[in-house]
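Hello,

I am passing this structure on to you. Please look through it first; my notes on what was found follow below.

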2 protein chains.
Amino acid sequence: MLSPTPIRVEPLRTACSSCNLRELCLPLGLSESDMTRLDGVINQRRTVARGQTLFRVGEEFHALYAVRTGFFKTCVNAEDGRVQVTGFQMAGELLGLDGIGSHRHTVDAEALEDSQVCVLPFDELEHLAREFTALQHQLHRIMSREIVRDHGVMLLLGSMRAEERLAAFLLNLTQRLQARGYSASELVLRMTREEIGSYLGLKLETVSRTFSRFQDEGILEVKQRQITVLEPDALQRLVSSAAC
Amino acid sequence: MLSPTPIRVEPLRTACSSCNLRELCLPLGLSESDMTRLDGVINQRRTVARGQTLFRVGEEFHALYAVRTGFFKTCVNAEDGRVQVTGFQMAGELLGLDGIGSHRHTVDAEALEDSQVCVLPFDELEHLAREFTALQHQLHRIMSREIVRDHGVMLLLGSMRAEERLAAFLLNLTQRLQARGYSASELVLRMTREEIGSYLGLKLETVSRTFSRFQDEGILEVKQRQITVLEPDALQRLVSSAAC
DNA sequence: CGTCTCCTTGAGGTTGGTCAAACCAGGTGG
DNA sequence: CCACCTGGTTTGACCAACCTCAAGGAGACG
């Protein structure tokens, strides 16, 4: 007796050309035909459960990853065990750029919630980038923007006080969420206080206290990881205010 | 009466293919013939006097710059006037990667001593990168390494104490100088205490005090900007020691 | 020789870190 | 259903690292 053929409909492969993230992700600015060719090399997805790593420091670098759904953090490790969160990545953002230079990953990328990524084999991406200019531009743009982002974090770490850091962090998050169609005032943090602290160069207690202070001042409503921004302008004023 | 034609010998154009920095700079890994083609697009130098800027935030981005001689710093400016030094660049290193993403420079690049740079028009570089793989790879490698470097600075700013930061800074400098044929133990700082402080997220007084402490401990000899590293291992131990 | 910039050093203050206790939400198992 | 556990969070008290302010010194240069 034949087992019944599975009825499960094979989901239509979500190609770049029909992906709802294409305005945020690598395909931005590509023509229809370019995008179709890009679809050709991006034919693999990976699912990463919350708490699992997409890649780790030292692993061989083969591909970039575009976040389709979910949320990641990246960390560098110091020799002595100290850890620094270098970024949080959400839908449409790329992971793995750090690995290009040495053919090895230099950060750990860990999913903070169940996530899915598109695998972009880097050799094929480079090959394609030689063939059509728009992809080459976009790749360069993305790398350059990552450098600019890092400079912003350096400014934050090098010269802001705790309140300013947290304000800048929250504004950045809400802006990115807004670009993805979410509310600019309601957000659910995917990361712990400790992870926020590591990113901002603060201890978790300081992060917690600063959240409480913002709540006391009526700038935020904080219910654990559920944050409501009541006074976005107050946050904005904090990040653009003189150091004292 | 004709003024005498100037006898000034036109100096032989130093091409990438015959540049003594080619093992540190963009041409690394290119074949003879590739390098000759690269020479074709790199036909302009700029001299930047000490204290002058090579480019400033907001200026249109046209080219990358490779430092031939001299020394630069790059700074980002916060809205409120705060400044953060994001890097120091020496011979063979590239300036301007930050501008690719937005077609505008996002940092100021200022010469800390009389300097000369090679102008690498970016359009032509991209064009060439589409034609030969080695250049494409090298460009990606350089951008990726800049990202990795930035992550290192984040780690430093986010989780190291003053002594560790200064030790890491000095080790980094001596390593880069050594790669350029200079002594690993004798160095002349091109930047002020304030600029070091800005880079390391410290105030100039703290930098000065930390130098003094290193001197008291016999790790360094400090005569203003003239530094002698007496105990490189002690510095190394500082950067790789646990936070406490 | 005076001026300027940069550097050093001291005294005292503040921010954020450390340590410790208690709280909370969610999950597990009796 | 409740007791219990766990990981994460909040809050307090105290402390240390670094900052601020201030004064003086060292070199470079006209």
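In chain B, β7, β9 and β8 form an open sheet of three strands in the order β7-β9-β8, with antiparallel pairing. Helices (H or I, at least four residues) and strands (E, at least two) are DSSP runs numbered from the N terminus, and two strands pair if DSSP finds at least two bridges between them. The edges are β7 (186-188) and β8 (220-223) of chain B; each has a single partner strand, so one side of each lacks a neighbour in the sheet. Neighbouring strands of this sheet are turned by 15 degrees against each other on average, direction ignored. Axes here are lines fitted to C-alpha atoms, for helices over the stretch in contact, and angles run from 0 to 180 degrees between N-to-C directions.

β8(B) is joined to β9 (residues 226-229) of chain B by four bridges in the antiparallel sense, and B:K223 has B:Q226 as its bridge partner in β9(B). Helix α6 (residues 204-216) of chain B packs on this sheet, touching β8 and β9 of chain B, at about 130 degrees to β8(B). Contact means heavy atoms within 4.5 Å.

The model is predicted: local features need pLDDT of at least 70, side-chain atom pairs count only at pLDDT 80 or more, and totals for chains, interfaces and linings use all residues. Residues are numbered from 1 along each chain as its sequence is written, chains are lettered from A and ligands numbered from 1 in the order in which they are written, and side-chain values use heavy atoms, with hydrogens and water left out.

Chain A also has an open sheet of three strands, in the order β7-β9-β8, with antiparallel pairing. Four bridges join β8(A) to β9 (residues 226-229) of chain A, where A:V229 is the bridge partner of A:L220.

Now the interface. Chain B and chain A each give 48 residues to the contact. Between them they bury about 4200 Å², 59% of it on carbon and sulfur atoms; buried area is the accessible area (1.4 Å probe) that two parts lose on being put together, summed over both. On the side of chain B, the most area is lost by B:R82, B:R130 and B:M154, together 17% of what that side buries.

There are two salt bridges between the chains (a side-chain nitrogen of Lys or Arg within 4 Å of a carboxyl oxygen of Asp or Glu). B:R82 forms a salt bridge with A:E164, with the closest N and O atoms 3.1 Å apart.

Regards
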